[in-house]
Amino acid sequence: MRFRLRWSVRTADWVLAVTLGVLMVSMALLAGAGVTVRPLGYALLLAGALALAARHRAPVTVLAVTTGCVLCYPLGMSAGTVTTFPLAAIGAFPALIAVYTAARAGWRWPAVAAGLLLVLGVFGISLLDHGGELRQVVQSCLSLAGWLVAAGAYGVVTRQHGVLLRQAEQRAAEAERTQEETAIRRAGEERLRIARDLHDSLTHTISVIKVHAGVAVHLARKRGEDVPDALLAIQDASRTAMRELRATLDVLRQPGDRQPDALGQLPGLLDMVSSVGVKATLLVSGQRRALPAEVGQAAYRIVQEALTNVTRHAGKASATVRVSYGPAELTVQIDDDGLARPGVPAVPGTGLTGMRERVTALGGELSAGPRAAGGFSVLARLPLAVRERPADRDLTGARPAGAA
């Protein structure tokens with residue numbers, strides 16, 4: 001069985017404190033002849049080391065405790081051995097770490113005050129202990145002062161580096177957020193522009209078709225003539241196109257609104273196709289459920305484009321639309337028995353290219369080509385888990401081998 005150690009700052013502080021305490025006591029035990037360390041000295045060494053376990057939670061308190069232990073440490077030694085057993089080498093270790101921690105945490109003046117107190121205190125204690133050996137005392141104090149200055153300076157530098165790093169991260173996050181907001185604003189402006197262009201061009205044209213078809217139907221009925229089926233189909237198609245165009249414009253103007261179930265409109269689409277002479281049948285399998293709006297919309301547009309191609313190119317034909325709800329994907333297949341024959345490649349047009357782009361954008365697969373029994377078949381597999389379009393995916397209409 002494997003055990004995973006959760007390494008935290010508190011754990012690291014405890015490991016440091018215990019390790020340093022063991023090392024300091026071991027060095028005191030191995031100090032050699034002529035040096036006597038009393039039990040009080042060992043207790044002060046352990047107290048100063050173990051205080052480091054709380055150095056990140058209470059840096060000033062730990063600084064005060066370790067400073068006091070260093071200044072009191074000579075009380076736990078025999079007279080005349082304070083400099084022989086250097087404070088800077090053993091007893092001052094916890095104080096050096098405490099000065100570094102306080103400076104890194106932003107407590108500069110307490111660190112400076114503790115350093116001055118340590119140097120002056122050690123100077124006085126060492127001078128009294130050796131009865132005026134000034135040169136040796138000064139060397140010991142200068143060594144201690146150098147270590148304290150280095151510890152404090154390293155703490156300040158580390159703190160400044162952390163501040164600069166956080167500022168750089170904040171600037172990067174702000175730049176990314178600003179870039180994202182700019183992209184969203186530009187996308188919104190582009191949607192509004194597209195909506196205006198569609199409204200100005202397509203709406204007017206479709207409205208004219210609808211009005212002329214309505215007038216022709218009205219005049220025919222007024223004269224008691226039979227209204228041609230083609231004229232009724234034009235009227236219904238223009239009405240449907242206007243409704244879909246308005247829905248598309250609403251989505252462009254207000255992105256994020258919940259879109260209706262696109263596949264629920266398939267029966268109406270098949271009725272419209274049947275009215276122009278193409279017998280269309282809808283077969284649904286699997287457990288029908290709510291789909292992501294992108295998937296439902298793409299499936300509806302694929303069926304719509306495929307049936308449009310049938311009415312244009314298949315002649316007098318029938319078509320079957322199969323919609324299969326799977327656990328992880330939606331499968332849409334449109335088969336017709338029209339004029340297409342095996343071995344005769346279909347001429348790729350904007351319709352097939354648009355279908356392939358819709359499917360590829362959702363991470364799915366599309367195959368389209370003549371059937372072995374005659375006619376044409378379009379098969380689209382759309383994953384239900386919508387993902388972002390990969391940057392390196394070819395959306396230019398590249399087809400797999402054997403596809404039209």
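Visitor: Leaving aside neighbours within four places in sequence, which residues is Leu-307 in contact with?

Guide: This is a predicted model, and the contacts are read from its heavy atoms. Setting aside neighbours within four places in sequence, Leu-307 is in contact with Leu-269, Leu-270 and Val-273, and also with Ala-319, Val-321 and Ile-334.

Visitor: Which residues have the most contacts inside the largest nonpolar core?

Guide: Leu-307 is one of them, along with Leu-263, Val-303, Leu-330, Ile-334 and Val-378. That core has 36 residues.

Visitor: Which helices and strands each supply at least two residues of this core?

Guide: The helices are α8 (266–274), α9 (293–313) and α10 (350–361). The strands are β2 (318–325), β3 (329–336), β4 (365–370) and β5 (376–383). Helix α9 gives the largest share, nine residues.

Visitor: Which residues does the second, separate core include?

Guide: Ala-17, Ala-28, Ala-92 and Ala-95 are among them, in a core of 34 residues.

Visitor: Where is Thr-331, and is this residue buried or exposed?

Guide: Thr-331 is placed in strand β3. A residue counts as buried when its relative accessible area is under 20%. The value for Thr-331 is 17%, so this residue is buried.

Visitor: Which residues is Thr-331 in contact with, leaving aside neighbours within four places in sequence?

Guide: The list is Arg-322, Val-323 and Ser-324, together with Leu-379, Ala-380 and Arg-381.

Visitor: Now for Thr-66. In which helix is Thr-66 found, and why does this residue count as buried?

Guide: Helix α3, residues 59–72, holds Thr-66. Its relative accessibility is 1%, and therefore Thr-66 counts as buried.

Visitor: Which backbone oxygens does the side chain of Thr-66 reach?

Guide: A polar contact is a pair of N or O atoms within 3.5 Å. The side chain of Thr-66 reaches the backbone oxygen of Val-62 at 2.9 Å. A polar atom of that side chain also lies 3.0 Å from the backbone oxygen of Leu-63.

Visitor: What is Thr-66 in contact with, leaving aside neighbours within four places in sequence?

Guide: Thr-66 is in contact with Gly-48, Ala-51 and Leu-52, and with Pro-94, Ala-95 and Ala-98. Of these, Ala-95 is included in the second core.

Visitor: Where is Pro-110, and why does this residue count as partly exposed?

Guide: Pro-110 is found in helix α5, residues 108–130. At 26% relative accessibility, Pro-110 counts as partly exposed, because that class runs between the under 20% and over 50% limits.

Visitor: What separates the C-alpha atoms of Pro-110 and Ala-64?

Guide: The separation is 8.9 Å, for two residues 46 residues apart along the chain.

Key
Residues numbered from 1 in each chain as written. Predicted model: local features only at pLDDT ≥ 70, side-chain atom pairs only at ≥ 80, totals over all residues. Helix = DSSP H or I, 4+ residues; strand = E, 2+ residues; numbered from the N terminus. Buried < 20%, exposed > 50% of the residue type's maximum accessible area, 1.4 Å probe, protein only. Polar contact = N/O pair within 3.5 Å; in protein donor to acceptor, adjacent residues only side chain to side chain. Contact = heavy atoms within 4.5 Å. Core = buried A, V, L, I, M, F, W, Y, C linked by side-chain atoms within 4.5 Å.
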